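Please read it beside the sequence and the structure shown here.

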Amino acid sequence: MFEGPVQDLIDELGRLPGIGPKSAQRLAFHLLGAEEADITRLQEALAKVKAGVVFCEVCGNVSEKPRCRICADARRDATLVCVVEEPKDVMAVERTREFRGRYHVLGGALDPMGGVGPDQLRVRELLRRIGGQETEGGEQEPEIAEVILAMDPNTEGEATATYLVRLLRDFPGLTVTKLASGLPMGGDLEFADELTLGRALAGRRPTAS
């Protein structure tokens, strides 16, 4: 244990996802040795993220405005919606350049052991979009023809996709598809290479009702 502020910094860094005790300690001592200007830039970036970033009123992606750049782009196909778990997954799909529709970010995946159920995800918002109801901003969205379920290829992702298939099968005329096989099980979309993810997207298949 270190004294006072140093240990406090290590403890706070250790709360970040993917940062273990040793990594937190290395980061803390890196910051201690950094120039004052570097620390100031970091502080300003954190403040701007907290104060200036919101979630898109349509899809739930991170944005600087009420509507993100993808939902605001009239060239995107509003009848085609790719459902992902996190904003980082939007960027993973965008890197493939295979998708020209819009997105819906759930904000996570079902994880009963971790206390994450349907009410903790943006499931109701998805159903409202498909049902043609107004968005949170009060605008009428175009009718959605296809929903692509692009969950992470792991246990939580599969459970989430199965749950959504059950909910969405009652919408008449709606096509529900899933990514084609080929993604490594147990991984995350953000770590899949663009070619593999692009092929999985292009070769998507209808779900069993």
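## Basis of the model

Helices (H or I, at least four residues) and strands (E, at least two) are DSSP runs, numbered from the N terminus. This is a predicted model, in which local features need pLDDT of at least 70 and side-chain atom pairs count only at pLDDT 80 or more, while totals for chains, interfaces and linings use all residues. Residues are numbered from 1 along each chain as its sequence is written, and side-chain values use heavy atoms, with hydrogens and water left out.

## The annotated region

An unreviewed UniProt entry places the feature "zinc finger region: C4-type" at residues 56-71; such annotations may be inferred rather than shown by experiment, feature names are shortened, and positions are in the numbering used here. Over residues 56-71 the chain is 0% helix and 12% strand, with the end C-alpha atoms 8 Å apart.

## Cysteines

A search of the whole structure finds zero disulfides, a disulfide being a pair of cysteine sulfur atoms within 2.5 Å. Cys 56 is in no disulfide, and its nearest cysteine sulfur, that of Cys 59, is 3.8 Å away. Cys 56 has a relative accessible area of 2% and is therefore buried (under 20% relative accessible area, with exposed over 50% and partly exposed in between; 1.4 Å probe, protein chains only).

The sulfur of Cys 82 is 11 Å from the closest cysteine sulfur, in Cys 59, which is too far for a bond. Cys 82 counts as buried because its relative accessibility is 0%.
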